[in-house]
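Welcome! Open the sequence and the structure side by side, and let us walk through them together, one region at a time.

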Amino acid sequence: MIPNRLKQLWAEGKPTINGWCSIGNPFTAEIMAAQGFDSVTIDMQHGALDYSHLLPMFQAMRASGATLMARVPWLEPGIIMKALDAGAYGIICPMVNSAEDAARFVSYLRYPPLGQRSFGPTRVSFAAGANYAGEANDNILAFAMIETAEGMANLDAIAATPGLDGIYVGPADLTLSLTQGRLAPGFDREEPEMIAALQTIVAACKRDGIRAALHCGTPDYAAKAISWGFDMTTVGGDSRFLAAAAGAAVAGFRKLTDAVTTKTEKGAY
């Protein structure tokens, strides 16, 4: 089986950067994967896509060499197993709130005797190389999302779940839940209470020897997160990159043409 590149990079002590795809289009995914991300995740939870988009997007990104992952809509065995069969080398599962949730999640990713995953790797048996059945349990990454007050309360028990590879922090939902809506959702938190929560999660991951990942909005904040001990950061995503670049182009045009128009008008009469 082709090894999981993220595991190799982490074993070498290197932090990794993850790309994020929310647009259901193989060409957009191919462009994202060609930019040098260590991994790329397709967002099946909040993204504008479903399984019919997931598989061709994985196919389009295969040549990049990035580790391909999916965030599934929920803790549900059918879609987790189907995403794995399509080629996901890692699953990010939202709203994991207890050790029981985490144990169920892990069980859906692992073949017996480590779990209850059903065997039928339709595409991934071709995409991942030989001996998938024998090596998948050691290569597939299981990331539980901590994004609620309940999840934080059960953090230590979740992090200690056998077979869990890491915790992925969703800062927007975590902020909403921990502050009961007092703080608006968003990335790159600067509030002391939220920074403390993020560092508490990192500490729990370190104690149990698992990886910590954080969704960020900027490279500067991602670098700060790495300095706190996070192993992987996501920086933006396809829809945000598209909006930012398009917005910057329009703003630049308006600024330049307004200056030209103003100058011309002053000298016209």
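**Starting from a phenylalanine**

Setting aside residues up to four places away in sequence, F105 touches L75, I80, I91, C93, A142, F143, A144 and L164. Keep in mind as you look around that this is a predicted model.

Several of these names will come back. The largest nonpolar core has 71 residues, and F105 is listed with I80, I91 and I167 as those with the most contacts inside it. Helix α11, residues 192-208, gives this core its largest share, 8 residues. Apart from it lies another core, of 11 residues, which includes I92, L141, F143 and M145. As background, nonpolar side chains in soluble globular proteins tend to be buried together.

Now turn to C93, one of the residues that F105 touches. C93 is found in strand β4. Is C93 buried or exposed? Its relative accessible area is 0%, so C93 is buried. Beyond its neighbours within four places in sequence, C93 is in contact with V72, W74, L75, F105, F143, A144 and M145.

Next, look at helix α4, residues 77-86, together with helix α5, residues 99-109. The crossing of α4 and α5 is right-handed. On the α4 side, P77, I80, M81 and L84 take part, and they meet F105, Y108 and L109 of α5. Sorted by class, the contact of α4 with α5 has 7 nonpolar residues, no polar ones and no charged ones.

Of its 10 residues, 7 are buried, so α4 is largely enclosed by the rest of the structure. The buried residues of α4 are I79, I80, M81, A83, L84, D85 and A86. What covers them includes α3 (51-61), β3 (67-71), β4 (90-93), α5, α6 and α7.

That brings us to helix α7, residues 132-139, where Y132, A136, N137 and N139 are buried. The cover over the buried residues of α7 includes α1 (5-11), α4, α5, α6 (124-127) and β5 (141-146).

Another helix pair is worth a visit. Helix α10, residues 171-178, packs with α11 at an angle of about 115°, their axes being 11 Å apart. The crossing of α10 and α11 is right-handed. From α10, L174, T175 and L178 meet M194, A197, L198 and I201 in α11. By class, this contact of α10 with α11 has 6 nonpolar residues, 1 polar residue and no charged residues.

Finally, let us look at some loops. Q116 is found in the loop between α5 and α6. With a relative accessibility of 48%, Q116 counts as partly exposed. Leaving aside its neighbours within four places in sequence, Q116 is in contact with M81, S107, Y108 and R110. Q116 and T257 are 141 residues apart along the chain, and their C-alpha atoms are separated by 62 Å.

P113 is found in the loop between α5 and α6 too. The peptide bond from P112 to P113 is cis, with omega near 10°. Most peptide bonds are trans, and most residues other than glycine have a negative phi. Which way does phi go at N131? N131, which is not a glycine, has a positive phi near 60°. You will find N131 in the loop between α6 and α7, and with a relative accessible area of 47%, N131 is partly exposed. D188 also has a positive phi, of about 55°, although D188 is not a glycine. Look for D188 in the loop between α10 and α11.

Conventions. Residues numbered from 1 in each chain as written. Predicted model: local features only at pLDDT ≥ 70, side-chain atom pairs only at ≥ 80, totals over all residues. Heavy atoms only, no water. Axes fitted to C-alpha atoms, helices over the stretch in contact; angles between N-to-C directions. Helix = DSSP H or I, 4+ residues; strand = E, 2+ residues; numbered from the N terminus. Left-handed = near helix turned anticlockwise from the far one by under 90°. Contact = heavy atoms within 4.5 Å. Nonpolar A, V, L, I, M, F, W, Y, C, P; charged D, E, K, R; others polar. Buried < 20%, exposed > 50% of the residue type's maximum accessible area, 1.4 Å probe, protein only. Core = buried A, V, L, I, M, F, W, Y, C linked by side-chain atoms within 4.5 Å.
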